[in-house]
Amino acid sequence: MQRRDLLKLGVLGAVSTKTSAVTQSALTGLVLDPGFTEHHIMPQHPESPARYERLLDELEVTELLSKVTLLKPKSNIEAELLLVHSATHIASIKRHDAKAHQIAMLATGGVLVAVDAVCKGLLDNAFCASRPPGHHATNTGKEEGFCYYNHVAIAARYAQKRYGLKRILIVDWDYHHGNGTEWAFYHDPSVLFFSTHDAEAYPGTGLPDKTGTGDGRGFNINVHLPCGAGDEDILAAFEEKLLPAVASFKPELILISAGFDSREDDLLGCYKITDQGFIQLTEMMMQLAKQYCDGKLISVLEGGYNLTGNAKAGAAHLETLLKII
């Protein structure tokens, strides 16, 4: 199928030509929408429409588009933004940049349709190839770190409200700390937030001693990895810090802030994580999902500013999601 035909398909469009009985592939969803190209903070800004376009090209070249089920973002989800963000924040974003509001809300809608598909058992997992990112967004009324609305945080609250889930794990492997996600759940024991990042980079948060407060103490896990960290470093952090916490927490759904600016040669990061490293991280998350939540896993694109690197890492991640673990 041509790209224009794929993008016309609606929710759970019949993109997949596989059957798990024949190919032993997972039923994997992919959120795409041409609207993701319609926002750009300014010319030459690294968070550009080309991030989406190059990733989509890579998925076509690798023929991954023929193996997934296409998901089209939910519309009319402004009420769901209020699960995390204030009406004042939303009004300010809309007033200062109506296009950014529209496209960021489209990205949130993509994550919510993935939650519906996975939580209803229609799909095993899903990857949201959306932009702009969201994990820095709080309630300041303005763009923060290229983010406007916190897609994974909204998705977690939506899953709790719509599907009655009690325990949700959010994993963030972006080079930058997901301060907005930490903010959303810092007091909350129903969401375990785990983030590896360079605490010396933007936004300058994410120190290991920030573990949550009140009932949420111990449910916020920050791991600082210094500039130059590679596959062994991040995998060790996941094995030593995340796995014991998950064994105790026993999540019912896993959400991933899949930032590929932690990949080698990124414009805004200085890690040396390879595509093989992301494959191993994805496999680890899929194993946890299989063990604790019947495979339910949804990932959302966050950072990633080397166009080729972001595309290749995203494709490697999606190809791994298609495996039977």
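Author: Happy to! A residue is called buried when its relative accessible area is under 20%. Keep in mind that this is a predicted model.

Reader: Good, thanks. Which residues of β4 are buried on one side, and which on the other?

Author: Ile168, Ile170 and Asp172 are buried on one side, and Leu169 and Val171 are buried on the other, which leaves both faces of β4 covered.

Reader: And how many of the residues in strand β4 is that?

Author: It's 5 of the 5 in residues 168–172, so strand β4 is largely enclosed by the rest of the structure.

Reader: What about its neighbours? How many bridges join β4 to β5?

Author: There are 5 bridges between β4 and strand β5, which covers residues 191–197, and the two run parallel.

Reader: Which helix goes with β4 and β5 in a β-α-β unit?

Author: That's helix α8, residues 179–185, and the unit of β4, α8 and β5 is right-handed.

Reader: Nice. How many bridges does β4 have with β7, and are they parallel or antiparallel?

Author: β4 pairs with strand β7 (residues 253–258) over 5 bridges, in the parallel sense.

Reader: Switching topic, I care about rings. How many aromatic pairs are there?

Author: Counting ring centres within 6.5 Å, there are 9 aromatic pairs. One of these joins Trp173 and Phe260, with 6.4 Å centre to centre and 45° between the planes, a tilted arrangement.

Reader: Where do Trp173 and Phe260 sit in the chain?

Author: Trp173 is in the loop between β4 and α8, while Phe260 is in the loop between β7 and α10 (275–292). They are 87 residues apart, so to speak distant parts of the chain linked by the pair.

Reader: Is Trp173 buried or exposed, and what about Phe260?

Author: Trp173 counts as buried, with 0% relative accessibility. Phe260 is buried too, at 0%.

Reader: How far apart are the ring centres of Trp173 and Phe278?

Author: They lie 6.0 Å apart with the planes at 45°, so that pair is tilted. Phe278 belongs to helix α10, 105 residues from Trp173. Phe278 is also buried, since its relative accessibility is 0%.

Reader: Then which residues make up the cluster formed by these ring pairs?

Author: Trp173, Phe260 and Phe278 are linked into a cluster.

Definitions and conventions. Residues are numbered from 1 along each chain as its sequence is written. This is a predicted model: local features need pLDDT of at least 70, side-chain atom pairs count only at pLDDT 80 or more; totals for chains, interfaces and linings use all residues. Side-chain values use heavy atoms; hydrogens and water are left out. Buried means under 20% relative accessible area, exposed over 50%, partly exposed in between (1.4 Å probe, protein chains only). Helices (H or I, at least four residues) and strands (E, at least two) are DSSP runs, numbered from the N terminus. Two strands pair if DSSP finds at least two bridges between them. A crossover is right-handed if, with the strands pointing away from the viewer, the path from the first strand over the helix to the second runs clockwise. Rings of Phe, Tyr and Trp (its six-membered ring) pair if their centres lie within 6.5 Å; planes under 30 degrees apart count as stacked, over 60 as edge-to-face and the rest as tilted.
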